[in-house]
Amino acid sequence: MNNNQNKDYDKLDMQSPDLVNQNIEKLAELFPNCVTESANGKAIDFDLLKQELSHAVVEGNKERYRLEWPGKREAIVTANLPTTKTLRPVREDSVNFDNTENIYIEGDNLEVLKLLQESYLGKIKMIYIDPPYNTGNDFVYKDNFAKDKDEELFESGQSDELGQRLVLNPETSGKYHSDWLSMMYPRLKLARNLLAEDGVIFISIDDRETENLKKICNEIFGDNNVEELIWNKEAEGSSGTLKQILRFRIIHETILVCYKHIDLVEFSRISEPLLGKENELQTANLAVNEENVRDGHINWMEITAPNGKKWLKHWKFNNQEIKRLLEEDLIYWGKDGTNQPRLIIPTDHRRKVYLKSIINKGGTTQGRKDFEELMQEGVFSYPKPVSLISLLIQISDCDGILLDFFSGSATSAHSVLSINSDSTDKSKNIKYIQVQLPEQTSENSEAYKAGFKNICEIGKERIRRAAKKIKEETGADIDYGFRVYRLDESNMQDVYYRPQDFDQAKMDLFGDNVKPDRTEDDLLAQVMLDWGLPLSLKIEQANVAGKKVFRVAENSLFACFDRDIDEAFAKEIAKEKPLRMVFKDAGFKDDTAKTNVKQLLKQLSPETEMKVL
């Protein structure tokens with residue numbers, strides 16, 4: 001039996017040789033810098049090739065210092081294209097829907113980021129993403145809006161059964177790097193808009209695309225607003241599945257750190273366990289035992305204790321060093337804080353230090369353990385460790401919203417719950433927004449066998465189990481819930497957006513602008529997004545004059561989608577003084593009632609802004 005019969009080189013090509021590609025490969029061996037990517041695959045940059053074969057400067061296209069790739073202009077356009085899609089609430093998958101401030105969104109993150117632009121513009125304190133690394137075996141989004149027929153996209157392999165634009169991006173593809181860059185570029189442009197002025201985004205990536213990713217981040221955020229961290233994936237043991245090459249064992253990944261305004265961001269120092277004997281505080285004299293030393297000596301100064309008591313001595317360290325010891329909490333004042341200050345010899349004491357650029361925290365092994373403490377083995381590959389994401393949250397001093405739009409197994413949500421429940425910091429009240437494409441699991445995968453039909457089901461279940469475990473272990477009074485939303489087509493009929501495409505006779509057929517299968521919850525979510533209100537606001541239901549009314553954040557928004565709205569209802573609702581009021585266009589009793597309701601609200605509650613669907 002031939003042991004090599006399954007090798008690629010035993011497989012018949014069943015086609016004639018591609019001489020052009022063979023020539024390109026030969027030139028690539030001599031001039032690798034002259035090989036580029038085009039819309040049709042690998043190509044030769046003839047201007048550069050001419051320069052390589054000439055001793056003089058060859059005039060060609062004007063040189064610019066920037067990263068170019070086929071599809072870059074389309075990627076820019078893609079980021080700017082508006083969307084009419086919406087987010088539909090999924091109460092049955094949610095936990096404490098009406099009161100929680102955490103959000104889980106299923107859908108294409110490009111569309112979702114567009115939908116969040118008004119509600120969360122400049123409001124996100126921290127973003128963490130762990131995007132596809134472009135390994136050659138993973139999928140990338142194919143943001144091709146030129147074809148708008150779902151069947152064409154599906155037949156061409158550009159979408160799955162859920163209508164998502166997914167394609168495999170093998171290393172043999174002529175647009176291997178270009179397709180990946182075209183996926184990342186518009187998403188990062190939109191993500192930057194959402195960052196607060198002092199916000200930060202962390203992006204995990206490996207060596208395949210680090211250089212390219214950093215270049216597009218330099219372009220989007222500005223090259224002065226981009227830094228690098230190195231994460232040791234073997235910090236807590238080998239996973240046994242690390243990338244191997246002929247010369248090195250790759251044990252690291254890069255975390256790119258991008259800021260909206262780097263000058264406005266100062267990372268917090270973190271507690272670092274130091275080497276030494278456990279549970280034993282060791283100290284040494286901080287003052288010098290020289291009675292004849294007095295004023296004028298560089299180390300003769302006054303130190304103020306936390307209780308206000310002052311100590312004037314000749315110390316072993318100068319003023320700058322004393323200040324550092326105070327900042328790092330390495331001075332001991334006695335059990336009651338009144339003793340003469342002494343230098344702490346670091347043992348198990350935790351001092352405050354800046355994070356080093358090489359992170360030895362967590363690891364792929366720990367990430368797997370974190371996941372498998374809650375979920376079945378083999379259900380998800382390479383989840384990030386909770387300790388790594390928690391560390392990034394701590395140094396960025398995230399006290400608002402954390403966004404993760406490549407959520408995967410929801411490690412970042414797990415990390416938020418862990419930090420919020422920490423008894424040493426009661427002030428933490430971080431909220432999360434998770435976004436994940438419901439990419440289907442393979443039928444022969446462990447995830448599918450465990451009952452998870454897509455990645456979103458894995459992420460949501462992990463959050464539920466993590467919340468249950470943390471609540472049982474800590475008893476912390478925090479927000480354990482999350483609202484689930486699912487990306488979908490607009491709630492509105494086509495006539496709502498393009499009335500010019502319908503003659504009057506056809507328009508009369510639409511007694512309601514809203515699609516018949518849409519619920520009141522669906523409409524409320526789209527109204528909140530359209531009006532720029534966060535999806536996390538508290539939602540209550542009330543009965544006013546016999547009509548169901550949704551109250552969002554007390555009087556921030558009132559919405560009533562019932563029928564037969566009339567003047568009596570307007571008078572009652574005006575007593576509540578809502579800032580915003582929304583009705584269905586088809587909900588009024590008649591045209592006269594619509595006009596009167598508007599006039600009554602303007603008269604009785606002049607601060608109320610009224611709109612109709």
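Here are some questions and answers about this predicted model.

Residues are numbered from 1 along each chain as its sequence is written, and side-chain values use heavy atoms, leaving out hydrogens and water. Local features need pLDDT of at least 70 and side-chain atom pairs count only at pLDDT 80 or more, while totals for chains, interfaces and linings use all residues.

Student: How many salt bridges does a search of the whole structure find?
Tutor: Let's begin with the term: a salt bridge is a side-chain nitrogen of Lys or Arg within 4 Å of a carboxyl oxygen of Asp or Glu. Searching the whole structure for such pairs gives 36.

Student: Which residue forms a salt bridge with Glu219?
Tutor: Good one to look for! The closest N and O atoms of this pair are 2.8 Å apart. Glu219 lies in helix 7 (residues 210-221) and its partner in helix 3, so the pair ties together parts that are 147 residues apart in sequence. The partner is Lys72.

Student: Is Lys72 buried or exposed?
Tutor: Buried means under 20% relative accessible area, exposed over 50%, and partly exposed in between (1.4 Å probe, protein chains only). Lys72 has a relative accessible area of 7%, so Lys72 is buried.

Student: Which residues touch the most other members of the largest nonpolar core?
Tutor: A nonpolar core is a set of buried Ala, Val, Leu, Ile, Met, Phe, Trp, Tyr and Cys residues joined through side-chain atoms within 4.5 Å. The largest one has 65 residues, and those touching the most other members are Leu188 and Leu213.

Definitions and conventions:
Helix = DSSP H or I, 4+ residues; strand = E, 2+ residues; numbered from the N terminus.
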